[in-house]
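This briefing concerns the ligand site, the pockets and the cavity of one structure. Please consult the sequence and the coordinates shown here alongside the text.

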Amino acid sequence: MPIISLLGNKGGAGKTTLAVNLAAALNQLGTTLLLDADPQQSSSQWRVLSSQPDTVPVFNASSSVAMSVGAQAKNYSHLLIDCPPSVHSDQTKDALRLSDWAIIPVLPSPLDLWASVKIEAEIDQAREKNPGLKALLVINQLEPRTRLSQAIRNATVELSTPTANTAIRRRVVYRSTVLEGRSVFDAGAKGAAAADELTELLTEIGITREQQ
Ligand SMILES: Nc1ncnc2c1ncn2[C@@H]1O[C@H](COP(=O)(O)OP(=O)(O)O)[C@@H](O)[C@H]1O
Ligand SMILES: [Mg+2]
């Protein structure tokens, strides 16, 4: 049962957006729980907005990630953890200790990229207790035609954490669906390109439909 954490050192990078949409994708493959470890409870808010009974469940894990994982892991095929915007928080540290994958969304801006360098030290430290932890930077809100986006992609080569080949583009559908407690997978043709890139990202971390 893979445990995937969405983490980072900055608010606004896309942790919650990726958490809810990846949770929706995984929920199509097997029972999935989204653990909301951020005291701001944005993922939980998203779930409250959903009127669909089959929307992926969200569990408030902000008071203890370790206890929440311990209590819930056996009931689900996939767990996602939406972390607060600090890698030094207890929630993120616990999540790193328990996860198979650390997914770190970064905006295509130099400031965000530099902030992610600090994450690497925390990941290295977590690996002392959790040697199997794999980490991947994911460029989010990519605007492919801008020169800056290309420069950022080139700059990530200098970090020791690999960057996913799949970048998540800036798309209105990521914002509009969240407002209704839905995911891009519920948005039909409007969400198709976003759904494809998320599926591709999951394939990069070894989760494919064929495997299920
Ligand atoms: N790929 C994307 N395209 C368009 N808007 C996005 C995308 N990713 C995130 N956003 C928007 O950016 C803002 C911050 O994203 P959020 O997921 O809340 O970040 P975090 O959880 O890291 O603080 C939100 O308004 C969200 O709707
Ligand atoms: Mg968030």
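Predicted model: local features only at pLDDT ≥ 70, side-chain atom pairs only at ≥ 80, totals over all residues.

Residues are numbered from 1 along each chain as its sequence is written, while chains are lettered from A and ligands numbered from 1 in the order in which they are written.

**Ligand 1 and its shell**

- Ligand 1 has 15 residues around it, and those that come nearest are Gly12, Lys15, Thr17, Arg169 and Arg175 (a residue is near if one of its heavy atoms lies within 4 Å).
- By class, the shell around ligand 1 holds three nonpolar, seven polar and five charged residues (Ala, Val, Leu, Ile, Met, Phe, Trp, Tyr, Cys and Pro count as nonpolar, Asp, Glu, Lys and Arg as charged, and the others, Gly among them, as polar).
- At least two shell residues come from each of helix H1 (15-27), strand E6 (134-142), strand E7 (168-169) and helix H7 (172-179), and H1 gives the most, with three (helices, H or I with at least four residues, and strands, E with at least two, are DSSP runs numbered from the N terminus).

- A side-chain N or O atom of lysine 15 is 2.7 Å from an oxygen atom of ligand 1, and a polar backbone atom of threonine 16 is 2.9 Å from an oxygen atom of the ligand.
- A nitrogen atom of ligand 1 lies 3.0 Å from a backbone N or O atom of arginine 171.
- On its own, ligand 1 has 560 Å² of accessible area, of which the protein covers 79% (areas come from the Shrake-Rupley method with a 1.4 Å probe).

**Pockets**

- Ligand 1 takes up the space of the largest pocket (a molecule sits in a pocket if more than half of its atoms lie within 2 Å of its grid points).
- A pocket is an open set of points, on a 1 Å grid over the protein atoms alone, with protein on both sides within 12 Å along at least five of seven lines, and lining residues have an atom within 4 Å of a point.
- The volume of the largest pocket is about 400 Å³ (the space filled by probe spheres set on the points, which are joined across faces, edges and corners).
- The largest pocket is lined by 22 residues, with Gly12, Ala13, Gly14, Thr17 and Gln141 the closest to its centre.
- H1, E6 and H7 give two or more residues to this lining, and H7 gives the most, with four.
- The lining of the largest pocket comprises six nonpolar, nine polar and seven charged residues.
- The second largest pocket holds about 190 Å³ of space, and Ala24, Asp54, Thr55, Ser183 and Asp186 lie nearest its centre among its 14 lining residues.

**Cavity**

- One cavity of 30 Å³ or more is present (a set of points where a 1.4 Å probe fits but cannot get out).
- The largest cavity has a volume of about 60 Å³, and its lining includes Asn9, Lys10, Ile104 and Asp112.
- Strand E5 (101-106) and helix H5 (110-129) give two or more residues to the lining of the largest cavity, and H5 gives the most, with four.

Note on methods: Heavy atoms only, no water. Polar contact = N/O pair within 3.5 Å; in protein donor to acceptor, adjacent residues only side chain to side chain.
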